[in-house]
Amino acid sequence: SSCMLILQLINNVLDSGKAEYGELDITPKPGDMREVVTKVWGIYCEMLLQKGLKATMNLDRHLPPKIKIDEMRISQILINLLSNSFKFTQQGRITVNINWFRNATLNENIELELEDPYQED
């Protein structure tokens, strides 16, 4: 899992250049969102606890076992959010919420939310 994190961080750096030029590929395919976020969370949760922070992850109980996602992009997003939160939060609780819902047109949506006590001066 540490190797996965390093690989994801390298991919983040490479992909940031692609995003600037509008060349970032997103390739959704059936995947397990719970598994993806749980793997990343497992790595960061340990680091957060070692830093003395409280850590919570809430997965929507309605989240289907298989949905069309780009597992690598979801991992990158969560890694970026948790990395920044880890870097800038000195005390308190960091909470990750993963919500699943259908909008008015019945499209399936995932909402990934991170809450932390960090505030700029």
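A pocket, in the sense used for these legends, is an open set of grid points, where a 1.4 Å probe fits, with protein on both sides within 12 Å along at least five of seven lines, and its lining residues are those that have an atom within 4 Å of a point.

**Figure 1. The largest pocket of this predicted model and the residues that line it.** The pocket has a volume of about 200 Å³, and its lining is made up of Ile26, Pro28, Lys68, Ile69, Asp70, Arg73, Ile74, Gln76, Ile77, Asn80 and Ile110. Helix α3 gives the largest share of this lining, five residues, while β3 and α3 each supply at least two.

**Figure 2. The order of the elements along the protein chain, and the confidence of the prediction.** Three helices and five strands are present, and they follow one another from the N terminus as α-β-α-β-β-α-β-β. The mean pLDDT of the chain is 81, with 77% of its residues at 70 or more. Among the elements, strand β2 (residues 54-59) has the highest mean pLDDT, 94, whereas helix α1 (residues 2-20) has the lowest, 56. Where pLDDT is low, the predicted coordinates should not be read in detail.

**Figure 3. The largest nonpolar core, with Met33 and Leu82 as the residues that have the most contacts inside it.** This core holds 21 residues, and the elements that each contribute two or more of them are α2 (33-50), β3 (67-69), α3 (71-88) and β4 (93-102). Helix α2 provides the largest share, nine residues. In soluble globular proteins, nonpolar side chains tend to be buried together. Once neighbours within four places in sequence are set aside, Met33 is in contact with Leu63, Pro65, Ile67, Ile69, Ile74, Ile98 and Ile110. Over the whole chain of 121 residues, 31% count as buried.

Figure 4. Not counting residues up to four places away in sequence, Leu114 touches Leu81, Leu82, Ser85, Ile94, Thr95 and Val96. Leu114 and Leu78 are 36 residues apart in sequence, yet their C-alpha atoms are 8.7 Å apart in space. For the protein chain as a whole, 72% of the contacts with a separation of 6 or more are between residues 24 or more positions apart.

Conventions: Residues are numbered from 1 along each chain as its sequence is written. This is a predicted model: local features need pLDDT of at least 70, side-chain atom pairs count only at pLDDT 80 or more; totals for chains, interfaces and linings use all residues. Side-chain values use heavy atoms; hydrogens and water are left out. pLDDT is the predictor's confidence in each residue, from 0 to 100. Helices (H or I, at least four residues) and strands (E, at least two) are DSSP runs, numbered from the N terminus. A nonpolar core is a set of buried Ala, Val, Leu, Ile, Met, Phe, Trp, Tyr and Cys residues joined through side-chain atoms within 4.5 Å. Buried means under 20% relative accessible area, exposed over 50%, partly exposed in between (1.4 Å probe, protein chains only). Contact means heavy atoms within 4.5 Å. On a 1 Å grid over the protein atoms alone, a cavity is a set of points where a 1.4 Å probe fits but cannot get out, and a pocket is an open set with protein on both sides within 12 Å along at least five of seven lines; lining residues have an atom within 4 Å of a point. Grid points are joined across faces, edges and corners, and a volume is the space filled by probe spheres set on the points.
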